[in-house]
Amino acid sequence: MKTKHLLHSIYTLLISACALSMTGCGDKDEPTPPTPPEPAGPAERTVLVYMAANNNLGSSRYDRMDIDEMRQAAKAGDTRGGRLVIYHAGYNTAPTLVEILADRLDTLKVYDNENLSVSSARMAEVFSDLDEKVPARQYGLVLWSHGTGWLQDGMEEPERRRSFGLEGRHTMNVSTLAQTIEEAPFKLDFVYFDCCYMMSVETLYQMRRTAPVIAGSTTELLTTGMPYDQNIACFFKNGQADLIGAAQNTFNLYNAMSGQNRTCTMSVLSTDGLDKLADAVREIYIKATPGMPEGYTPQIFSNASVSSCHYFDLYDYIKTICKDFDGADKLWQEFEAAFNAAMLYSEATPKLWNVVPLDRCHGLSTYILTSDRSASLKNYNTLDWYTDVASVIKFKE
């Protein structure tokens, strides 16, 4: 019985196969190809680390060290289903867009060298590629390179100066950086500056429309930068990214060191509060005596003389000049309220490089105008902060 049943089944299958073959040959249309699987939806969050490392940081392989830390974090599951991507312009290498996965690096694009990484054209191209290849509901941006904050001596001048980034002898002005981010095809939830000097009120006011929260340092940072193996988890925290946690991790890393390595300032600021802060400072500048008060020693944020420093503590300076005129108390209270509303977190080690005391550090620097001519230094008068705030300062002839 089993043999007879088997032969009958084989015969039935052969007849069916012939019928299917005849039907297929007689159809003039091509067979319909299999339907491809639906593409995965956008990730909850994509974080881009924009690494402009074609400089001494790259030649010293600090970029590679940080990429290794990112890989450790991805392997540990710290991206929580989000997507971690780096634009990596390494030392004398072709720039690439790479996704860091738990088990590998996935190259999404290799770029030519036609545009510098500190050009708006290249950054805009990367933003467009990110939007196309790694879509998400939320985006975060880490800017990795050298930095000098508000100094407006970037791509237009062939000087070895740094605003954001450094490639050869070229940098990107913060005004260019802000405009390029604003024109991106997506909105950022945060910006984290893993570079020096970017937490100046001039820089952040220029970038006030780029992201609701910005983190960084008022001073120089050690070349090792932030601890990516700890901070990736903060950037991919469920709900909102934990920028305060990331800033704390960076500060704690360096505060635990000794000697000149115990040097760090970190702060986190809400850009929503910058308009009120600007209003408060402008009203004080209208009435206060301009320049550097006699006998005043400002809180500096670089290991340089006061006369050559470009970064002073904003809070400390405003507190010093907001006195001895009608309404000073009221204006100070308005400034302090606006400052405290904007400043979400601020910490500083006791000293910078174990040399400069940081006991009057409040997390936000500013440039102090000392004459009409000083407004043109490093093109300061091209910044929004100068136009909207500092331009009201009037010096006696």
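**Strand pairing and burial**

Visitor: How many bridges join strand E9 to strand E10?
Guide: Strand E9 (residues 213-216) and strand E10 (residues 265-270) run antiparallel, strands being DSSP runs (E, at least two residues) numbered from the N terminus. The model is predicted: local features need pLDDT of at least 70, side-chain atom pairs count only at pLDDT 80 or more, and totals for chains, interfaces and linings use all residues. Residues are numbered from 1 along each chain as its sequence is written, and side-chain values use heavy atoms, without hydrogens and water. The bridges joining E9 to E10 number 4.

Visitor: Which residue of E10 is the bridge partner of Ala215?
Guide: Strands pair if DSSP finds at least two bridges between them. In E10, the partner of Ala215 is Val268.

Visitor: Which strands stand at the edges of the open sheet?
Guide: The order of the 9 strands is E4-E3-E2-E1-E5-E8-E9-E10-E12, with mixed pairing. Each edge strand has a single partner, so one of its sides is left without a neighbour in the sheet; these strands are E4 (105-110) and E12 (343-348).

Visitor: What angle does the direction of helix H11 make with that of E12?
Guide: Helix H11 (residues 328-342; helices are DSSP runs, H or I, of at least four residues) packs on the sheet, touching E10 and E12, where contact means heavy atoms within 4.5 Å. Axes are lines fitted to C-alpha atoms, for helices over the stretch in contact, and angles run from 0 to 180 degrees between N-to-C directions. The angle is about 85°.

Visitor: Is Gly147 buried or exposed?
Guide: Gly147 is found in the loop between E5 and E6. Its relative accessibility is 5%, and the cut-offs are under 20% for buried and over 50% for exposed (1.4 Å probe, protein chains only). Gly147 therefore counts as buried.
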